[in-house]
Structures are given as structure tokens and as C-alpha cells.
Amino acid sequence: MTRDIAEDVPNLAESKLTALVVDDNFVNQSIHHKLLDRLGIQNDVVCNGKEAVDVHCSGRNYDFILMDMDMPVMNGIQATKTLREMGIECKIAGVTTRADEGEKKEFMEAGLNDFQEKPLTISKLLSILHKLNFYVQT
Amino acid sequence: MNTVVAQLQRQFQDYIVSLYQQGFLDNQFTELRNLQDEGTPDFVSEVVSLFFDDCAKLINNMSRSLEQPENVDFKQVDSGVHQLKGSSSSVGARRVKNVCISFKECCDVHNREGCLRCLQQVDYEYKMLKTKLEDLFKLEQRILQAGGTIPQVDIK
């Protein structure tokens, strides 16, 4: 029905990675969820930084988090700071359409391990995973 | 039957290429198509549907914010433009995204007239794209119903 690109995209299901998508936009939630699914990474989705904090307070943990910057209730910068203050040490990759250097610096200094500009693609996601030492690019 | 399928496939290819050439779509739409698989055969149409719902809601909100000339909440408008730019960029809606860039510039200098023009333009562009993609998805359905497969189109 559609082109099968399984041969082009690595399947990381064996590594049993888990991820949390934090984004208030339904379009981005769907796409990021699907991108991770395609790579075989089990993932949950929440709508803002507070929900990301709450899910960790409930005892859930993830190997990495894809954190949007601009969100209502609690934005990505504040959520990242809060998670780090809570002692959450998992990798956090910031993703945003904002390319302003000052904003990027502020986001990184909140405690990110990596940063990517949206829109996310398979190759950008693989780049994140490589940077976070979850995937070796060949 | 094969001739019908081949004709429909050709029609599909020509149509989708034209959408890229006319600037309606960019590579991000290709990324979405590549994510669609047998397990999620409606992924693209579902995501673009979410996008169009987003457009309608955000345009409505921004319109209200821009209504009163003496009392424009440019922060609210900027937030809406940012969201719209983000989601249009994520689905490959190139023209919509480009209008958002101009829209943001008008917002930054508190140009209400400019914002209103951009609002009108973005409304036009998303509705135009919606019609085009509805036609594209109908073509896909016709191909599938005729027993064919959706061609993978190489967009250069």
C-alpha cells in the first residue's frame, strides 16, 4: 500500500529504549510519537511540562525525553530545571522551532543534553539518539 | 484494470509533484509519507486533519485578538503565529509556513493592518491546501480500490 522503508530505518526495539514526548501541539505529538514508534522506541506523550514532572513524580522513568520549549502551564525550560532538581538524570533533548541563540542557550542551560530544531525527521531523531549515546551511526 | 491503475497512478504522481512544484508542500510532507506504513495506513491524512483543525482554531483566536484596533493583544497573536508556524512546518505546509514568517514580522512591530492581511492570507492558504490534499487522498483511494498501490514519488 505504501512504500516500505524498513530497510532504510534502523529498528532499535531490541535496545528496549523508552521515551517521553512533551509537546502541547497535537500535530507534533502525533509525528514525534510515530517517529519513535518507527524506530522501535516505546513512548508516552504528555501535553506540557507539568505533566512531564507529574509523570516522573508518579514513579515512571524514561531513557530520554523529547522536550518542547513553548508550552502552557509549564514550559520546557522550567520543566527541564524542575526535573533536574528532582534528581532526574535521564537524557533530555530540547526540540523547538525557536532558533534564537539566546533562547537556545537558556534552554540548554536548564539541563538539556541535546537540542534540535523542529520539524523533527528520522535523521534528526537518529542524530539525537547518537548524541545521547543510544545509537551508533554507521 | 491494469491500464486504469496505471492511469490513476500517473495522475497521482503528476498531481503530487505539482503540489511540491507550486510550493504547497515541502520535504517534511515526504517525511510524513515515509512514516506511513501498513500498521497506520491513514497516518498522513490523520495528521493533516489535526493540522487543519489547528489552523481553524488558531486563526479564529487570532482574529478575535486583532478585532479591536485600540486593544490588540499582540502577545496572543504572536503565540498563535508561533504555533501555526510550528505545525505547518511539521507537516510540510510550505506556503502556510511562509505566510507565518511574514505574520510574525508584522506582529513584532505591532502592525495591526499587516497582521490582518497575513491572517487573511494564512486562512486562504490553509483552505487551499486542504482542498488540494483532499483531492490527493481521494486519488489514493481510487488507486487502492482499483487494486493498485500508491506510487512512491521521488521529489527532487
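**A residue and a strand**

Reply: B:Asn34 lies in helix α2 of chain B, which spans residues 27–35. Helices (H or I, at least four residues) and strands (E, at least two) are DSSP runs, numbered from the N terminus. The model is predicted, so local features need pLDDT of at least 70 and side-chain atom pairs count only at pLDDT 80 or more, while totals for chains, interfaces and linings use all residues. Residues are numbered from 1 along each chain as its sequence is written, chains are lettered from A and ligands numbered from 1 in the order in which they are written, and side-chain values use heavy atoms, with hydrogens and water left out.

B:Asn34 counts as buried because its relative accessibility is 16%. Buried means under 20% relative accessible area, exposed over 50%, and partly exposed in between (1.4 Å probe, protein chains only). In sequence, B:Asn34 is 118 residues from B:Gln152, yet their C-alpha atoms are 9.0 Å apart in space.

Now the strand. In chain A, β3 (residues 64–68) is mostly covered, with 5 of its 5 residues buried. A:Phe64, A:Leu66 and A:Asp68 point one way from β3(A), while A:Ile65 and A:Met67 point the other way.

Two strands pair if DSSP finds at least two bridges between them. Strand β1 of chain A (residues 18–22) pairs with β3(A) in the parallel sense over 4 bridges, and A:Val22 stands opposite A:Met67. Strand β4 of chain A (residues 91–96) also runs parallel to β3(A), joined by 5 bridges; there A:Lys91 is the bridge partner of A:Phe64. From β3(A) the chain passes through helix α3 of chain A (residues 76–85) to β4(A), a right-handed β-α-β crossover. Right-handed means that, with the strands pointing away from the viewer, the path from the first strand over the helix to the second runs clockwise.
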